[in-house]
Amino acid sequence: MIIDLETSPLGKKEVKAQACIVGAGPAGITLALELARARPDWKIVLCEAGGQNLATNREKQIYKASLGEKKYAVLDISRRRKLGGTSTHWGGWCKPLDTTDYEDNHAWDVPAWPFSEKELEPFFQQTQKWLEIKGDFYDIEKIRDRHAEKLLELRPNTRVSQHLFRFSPPTRFAERYVDELEKQDNLTCLLHANLHDLSRNGDRISAAHVRALDGESITITADNFVLAMGGMETTRQLLNMQENNTAQGEGIYSNHLGRYFADHYGARPGELLAIENLQYSRFLDGDAPVMPVLTFSKNDIRAAGQHNSCMMLRPKPSSDSLLSNYGGNTGLGFKSSEYWHYDIQSIVEPRPNPSSRIVLTDERCELGLRKMKLDWKLHPGDYKSAYELLGALGDELSASGLGRARMADTNTPKSIAAANGACHHLGTTRMAANAEDGVVDPNLRVFDHENLYVASSSVFPRYGYSNPTFTIVALSIRLANHLAKQNGEKA
């Protein structure tokens, strides 16, 4: 059932459950329903700070953050304090992380994921159902026979590879799953339930305290607690739990907490003159929307320590000819064909940067929690790798006679200053195999707490270029399976 604490007071000050999940976006809703179905003998409480409408100005002030030197223009629009969370403005881009995204990069000084993609693959089919994705593969070669004229025929062992995005409608979790939240007998969803404190007893969380802004506080006792409040708010909550203690320990006292903040961002490294009708952009494969992208090959990422960025191509009319008079001239190494101009749009994989971080200020919000400051810092190697990817593609096109590339402005301070985020809040509660390298363990449990978990893209230790929602949902299904295996008495 769904209860809005602003309009329908609960009538009691304490609720007992086996699991309390805070945050009802894609992670929280997926986790709550999966867990409630897997354990019908459990009582699940899902708390959402907002309601079914967009946040009021008063509510927005609770999570308002300040900025460091670098601008982050999407700061206010990237979070949604309402049922459904960020799925309310999500574009629906879906793709699992690539194999190399799980691997350590020898040129970097922080470890990557503590497991391979094989750990999440068993949950991909269910993830696709949650996100209502048409089609179940992300291998570009499986569509080549149907769309050969739209794709580059790259030579064997080239430095450039190709991958495939699919798309959710996009699924708006509040609208799509509100009936299921209402009908699930052992699940209570509390709206306008603002988390303002977590009580601790040794290494366990004993209770969560939530309230409507003008209502009484409700205490939720549970065996397990999961923070699924989005990357920034989850991190702020954990940082507030430090109180006056220094970050010189594990879990909430880890020096990693709040660090490595990252977001995917774009670059326009140049343009191409290439054979006609390439469609490295969204199109229909039957009735399923897909989008091919160009990346570095696995070998190049592994051997050269490249970032796993990607490129899309946008055909454009151009009077500023890039060798257009030579296109199709076989004497100059071109294949006989019509040639088009293409703009290049890159999605840059950010390198984990410990100086890029969320910290707390001395100002407090209405709930009594300290507010946060986002000091977003890009690693200087990010753009460099994106431009090298264009260089690798240019070399391949020249060698195969398929086209030529022209570089735009290179990696400059001006380019870095102009970069803006894609609303993906990554890295600040990073997952690791051991407490020395991260905040949560491979099961998403905060290292120094026996029953506190995080379900968020903030656990990602390496980021790739794929939008995070697909992986967030897969991790949430996996966490539900993990929690469901525990014993628990009926509340």
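**Figure 1. The salt bridge between Lys-95 and Asp-98.** Lys-95 and Asp-98 form a salt bridge in which the closest N and O atoms are 2.5 Å apart, a salt bridge being a side-chain nitrogen of Lys or Arg within 4 Å of a carboxyl oxygen of Asp or Glu. Lys-95 counts as buried at 2% relative accessibility, and Asp-98 is likewise buried, with a relative accessible area of 8%; here buried means under 20% relative accessible area, exposed over 50%, and partly exposed in between, computed with a 1.4 Å probe on protein chains only. This and the following views show a predicted model, in which local features need pLDDT of at least 70 and side-chain atom pairs count only at pLDDT 80 or more, whereas totals for chains, interfaces and linings use all residues. Residues are numbered from 1 along each chain as its sequence is written, and side-chain values use heavy atoms, with hydrogens and water left out.

Figure 2. The side chains of Glu-396 and Arg-155 meet in a salt bridge at 3.0 Å, N to O. This pair links helix α7 (residues 381-400), which holds Glu-396, to the loop between α3 (124-130) and β6 (160-167), which holds Arg-155, the two residues being 241 residues apart; helices (H or I, at least four residues) and strands (E, at least two) are DSSP runs, numbered from the N terminus. Glu-396 is buried, with a relative accessible area of 2%, whereas Arg-155 counts as partly exposed at 41%. A salt bridge also joins the side chains of Glu-349 and Arg-462, at 2.9 Å from N to O. Glu-349 lies in the loop between β16 (339-348) and β17, and Arg-462 in the loop between β20 (452-454) and α9 (469-484), 113 residues apart. Glu-349 is buried at 0% relative accessible area, and Arg-462 is buried at 2%. The structure holds 28 salt bridges, and a network of salt bridges links Arg-37, Glu-132, Arg-176 and Glu-180.

Figure 3. The backbone oxygen of Glu-366, however, lies 3.5 Å from a polar atom of the Arg-211 side chain. Leaving aside residues up to four places away in sequence, Arg-211 touches several residues, including His-192, Asn-194, Glu-216 and Leu-367, where contact means heavy atoms within 4.5 Å.

**Figure 4. The open sheet of 3 strands in the order β4-β18-β17**. The pairing in this sheet is mixed, and the edge strands, β4 (66-67) and β17 (357-364), each pair on one side only; two strands pair if DSSP finds at least two bridges between them. Strands β17 and β18 (residues 370-375) run antiparallel and are joined by 5 bridges, with Leu-360 standing opposite Met-372 in β18.

Figure 5. Helix α5 is mostly covered, with 11 of its 11 residues buried, among them Glu-233, Arg-236 and Leu-239. Just after α5, Glu-243 takes a positive phi of about 55°.

Terms used
A polar contact is a pair of N or O atoms within 3.5 Å; within protein, one must be able to donate a hydrogen and the other to accept it, and residues adjacent in sequence count only if both atoms are side-chain atoms.
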